[in-house]
Amino acid sequence: MAILVTGGAGFIGSHTVVQLLENNQEVIIVDNFYNSSADVLDKIRTIANKDFKFYEYDITCKEQMDEVFRDNDIEAIIHFAGYKAVGESVEKPLMYYSNNLVSTFVLCEMMEKYGCKRFVFSSSATVYGKPASVPIKEDFPLSTTNPYGTTKLMTERILTDIQFAHPDWSIALLRYFNPIGAHKSGLIGENPKDIPNNLMPYILKVASGELECLNVFGDDYDTHDGTGVRDYIHVVDLARGHVLAINKVMNSSGVHIYNLGTGKGYSVLDIVNNFERATGIKIKYKITDRRPGDIDECYADTAKAKEELGFVAEADIDEMCKDGWNFVMHNK
Ligand code: UFG
């Protein structure tokens, strides 16, 4: 019995596959390398010292996915694959809706056809929109501000409806906060192909000299220093959340919704300062206008994940900065 991991060569996917293999799970990866590269597969094998089956297929292609399900005994799916750039989703909404929703439809059709009943979905704290207060609990109202976020919210609703029609199915919706850091080995991490949109990948490129200066998007937010506050979580912790979620869906039915964060908020300038302290590298920055759609503060209430999954994020911000930088140093 295998676990199918879509987007297993990506940032969060690769770290999760390592831990599944280390736990002796049989893993099948499907990835089309849209936002990842083939060399990650060998790095996963090196770290875990185990092998897995791989298909360079597109999960929106029904024929290809039918072959994967026909040829393997798939017990559960962890679905990471998807487009994830907020700004691009505003410019190309059709591309985002089409890819991120069709992939869910195809996977669920295959689940129905082949009797697979367990699904873990890569959702996002973006589904909370502009929260009325922090920390954010799982039962807070949901809304979105861009097509990317809407695809996450729509997928959550589609999966919830499908589970209602199949009461013996078990679905976990994991709402990630801001994953950063990298595996201790320095072999796998986040490697954006273009100029990064997210804070930590941008800082890493400034630190390595590839980019000149960090633009801090606004210093007039309602936060302790005026810059935006987020809940940064080490990707290795986040990956462990998926292993726990797989255990949960294997042993229950229903829809299970969890925040995966640390419960602590750090501002943009806190991150810059912590990065400088952890690595000894100065980060040149300047304050610019706010980025449209950004919110003041976003951090998780972590109680439900702790109580029901036994999940507690362990790495602190220093470790996240060091491990992120270590990955860059290994991949120069
Ligand atoms: N920021 C900068 N400069 C940059 C990049 C970011 O100042 O160059 C600031 C942002 O304004 C924000 C903070 O750093 O205050 C974090 O921004 P990120 O882009 O790293 O992350 P977001 O919180 O905006 O979004 C991330 C993911 C989304 C996900 C969301 C969930 O990119 O996919 O977390 O909370 F939906």
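Buried means under 20% relative accessible area, exposed over 50%, and partly exposed in between, with a 1.4 Å probe and protein chains only. Helices (H or I, at least four residues) and strands (E, at least two) are DSSP runs numbered from the N terminus. The model is predicted: local features need pLDDT of at least 70, side-chain atom pairs count only at pLDDT 80 or more, and totals for chains, interfaces and linings use all residues. Residues are numbered from 1 along each chain as its sequence is written, and side-chain values use heavy atoms, with hydrogens and water left out.

**Exercise 1. Helix α7**

Task: State which residues of α7 are buried, and find what covers them.

Solution. 
- Step 1. After α7 comes Gly-209, with a positive phi near 90°.

**Exercise 2. Asp-323**

Task: Locate Asp-323 and identify the side chain with which it makes a polar contact.

Solution. 
- Step 1. Asp-323 belongs to helix α11, residues 317-330.
- Step 2. Its relative accessibility is 7%, so Asp-323 counts as buried.
- Step 3. A contact means heavy atoms within 4.5 Å. Beyond its neighbours within four places in sequence, Asp-323 is in contact with Ala-182, Lys-184 and His-234.
- Step 4. A polar contact is a pair of N or O atoms within 3.5 Å; within protein, one must be able to donate a hydrogen and the other to accept it, and residues adjacent in sequence count only if both atoms are side-chain atoms. The side chains of Asp-323 and Lys-184 form such a contact at 2.5 Å.

**Exercise 3. Thr-104**

Task: Is Thr-104 buried or exposed, and which backbone oxygen does its side chain reach?

Solution. 
- Step 1. Thr-104 sits in helix α5, residues 93-114.
- Step 2. Thr-104 is buried, because its relative accessible area is 1%.
- Step 3. The side chain of Thr-104 reaches the backbone oxygen of Asn-100 at 3.1 Å.
- Step 4. An α-helix has 3.6 residues a turn, so residues three or four places apart point the same way.
- Step 5. Leaving out neighbours within four places in sequence, the contacts of Thr-104 are His-79, Thr-155 and Leu-159.

**Exercise 4. Leu-244 and Val-312**

Task: Assign each residue to its element and give its accessibility class.

Solution. 
- Step 1. Leu-244 is in helix α8, residues 235-250, while Val-312 is in the loop between α10 (303-309) and α11.
- Step 2. Leu-244 has 21% relative accessibility and therefore counts as partly exposed. Val-312, at 40%, also counts as partly exposed.
- Step 3. Leu-244 and Leu-309 are 65 residues apart in sequence, with their C-alpha atoms 6.0 Å apart. Not counting residues up to four places away, Leu-244 touches Leu-309, Gly-310 and Phe-311.
- Step 4. Val-312 and Asp-237 are 75 residues apart along the chain, and 8.0 Å separates their C-alpha atoms. With neighbours within four places left aside, Val-312 is in contact with Asp-237, Arg-240 and Lys-306.

**Exercise 5. The whole chain**

Task: How many helices and strands does the chain have, and what share of its residues is buried?

Solution. 
- Step 1. The chain has 11 helices and 14 strands.
- Step 2. Of its 332 residues, 55% count as buried.
- Step 3. Among contacts with a separation of 6 or more, 79% join residues 24 or more positions apart.
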